[in-house]
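Here is a quick tour for anyone meeting this protein for the first time. Have a look at the structure, then read on.

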Amino acid sequence: MVHTHFVWSHGGRQVFLCGDFTAWIKYHQMVSVEGSSTTFMTICDLPPGVHKFKFLVDGVWRIDEMQPVVEDEYGVNNVVVVQQPELLPQMFPGPDGLPVMQIDGYDHRNQANVASTSGSVLNEEVEITGDDRETTMRRLFKHLLSYKAYDLIPESGKVFALDDSMTVEEAFLVMHEEGLAVTPLWNAANLQISGMLTASDFIMFLIEIQRNRAMATNNVNPFSTISAWKEGKLQLQRRPLIQIHPDDSLNNVAVRILENHISSIPVLYVLEGSTCPMLLHVICLSGLLEHIHRHFEHRIAYLPLLQHSIGVVPIGTWIREIGGARELKTISPNCLLNDAYRLLIDEHISSVPIVDDNRTLINVFCRSDVLSLAKNNAYVHAQLDQTTVSQALQLVDTNTRSRYGICTRSDSLYTVIGLLSDPGIRRVVVVEAGTRYVLGLITLRDIFSLIFRDFS
């Protein structure tokens, strides 16, 4: 049996689901989705096959014209195709415990692609056809249009918002302790979400402290409030809060994140007759990708581009020998924090691989790693022009969850999406099998930039 989601998005007081899987005589009551006045959903366990169904809305039989329909001698019904789950490619832990596909790939010594005999989705690079790319993008685009932001809101959990009257020191300590790379800010005076606080803000904060130390001034006070510090920072680049409504499509969510060059977006809902918004959730690209992976993990053939190896898919950043729109940047473990932060900001990137003299992968340095300096106020004593990234990463707890994934050029795009669906993994390093020689980097944003390249 396969878990199958059914959604009715067109309002009503009571909605029931009925179909051939209930012999058309039993009814599944659908539940309203919190934060939406028009949407109901339910989950049924169905055997693989084609199943017809209808919705009973306030006593009236209805079909959803936004979903597939079929007409026969018995009338018009919605239809769903439930497929048998497929066996996924076997994955093996690498020497650092990170998931790696057992596949050979790019050999930097002779710059050749070697065929693999391991059990992967794709064992050799096959040229992508225009139909594969167009079909996959159109189907993904249509899928995201048919789901809404509320679909990503968990049934239970917690969402954080920091009072913007907190001190900068307190705010970043909370973000570190709760593992938050970004969090909304709450203005109690106006009863509004006033903005977002990110790891990048902390980087700019540290750089400003370093600059003032060099100038023997003390203009940046870690005990000043977030609102006061953000006010000075935003004087020249103020813009309204980017937000979404729970009824916005996932397509709109992704486009707004990409267009505004942000990493996440708050879902706000205002009750009728009220002006105070309810913060329902904060959606990030990893949540969107996990949604896509969950819905298509047993239907990979429906998205043909995902079956191709990443070596032939136009995605990611690569070393000069491989080529691409942008050249992959790397740093050594002895790179100073000041230089590493400047590289991330100037290149508009969220992470950079750390390699040794042979360009073998050691670790990855990310913007969010800066929050580790909030632990025990380590940033107060840290000298950005004297501390190395290797020293800084000693403060990062790498045992709680994986920070990045590893794959080879022979791995399929589907495999990479599977890795990035882990909430803790926001980038995948592409290495040469066996040597961990770094070849490229694929991020969450790369995946969605590929999806919306032609259809946004």
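## The whole protein

The protein exposes about 22,600 Å², and carbon and sulfur atoms supply 50% of that. Areas like this come from the Shrake-Rupley method with a 1.4 Å probe, and for residues only the protein chains shown count as cover. Buried residues (under 20% relative accessible area, against over 50% for exposed and in between for partly exposed, again with a 1.4 Å probe and protein chains only) make up 48% of the 456 residues.

There are 11 helices and 24 strands; these are DSSP runs, with helices being H or I of at least four residues and strands E of at least two, numbered from the N terminus. Counting contacts (heavy atoms within 4.5 Å) with a separation of 6 or more, 65% come from residues 24 or more positions apart.

Residues are numbered from 1 along each chain as its sequence is written, and side-chain values use heavy atoms, leaving out hydrogens and water.

The average pLDDT (the predictor's confidence in each residue, from 0 to 100) is 80, and 82% of the residues score at least 70. Over residues 87-125 it stays under 50, and the model has 84 contacts beyond four places in sequence for them. Where pLDDT is low, the predicted coordinates should not be read in detail.

## The second largest pocket

A pocket here is an open set of points on a 1 Å grid over the protein atoms alone, where a 1.4 Å probe fits, with protein on both sides within 12 Å along at least five of seven lines; lining residues have an atom within 4 Å of a point. The second largest pocket is lined by 35 residues, with V80, H143, Y147, H295 and R299 nearest its centre.

Which elements each supply at least two residues of this lining? They are β1 (2-8), β9 (75-82), α1 (130-145) and α6 (285-296), and β1 gives the most, with six residues.

## Helix α5

Helix α5 (residues 250-259) is mostly covered, with seven of its 10 residues buried. Among them are L250, N251 and V253. After α5 comes H261, whose phi is positive, near 55°.

V255 and F452 are 197 residues apart in sequence, yet 7.7 Å apart in space, C-alpha to C-alpha.
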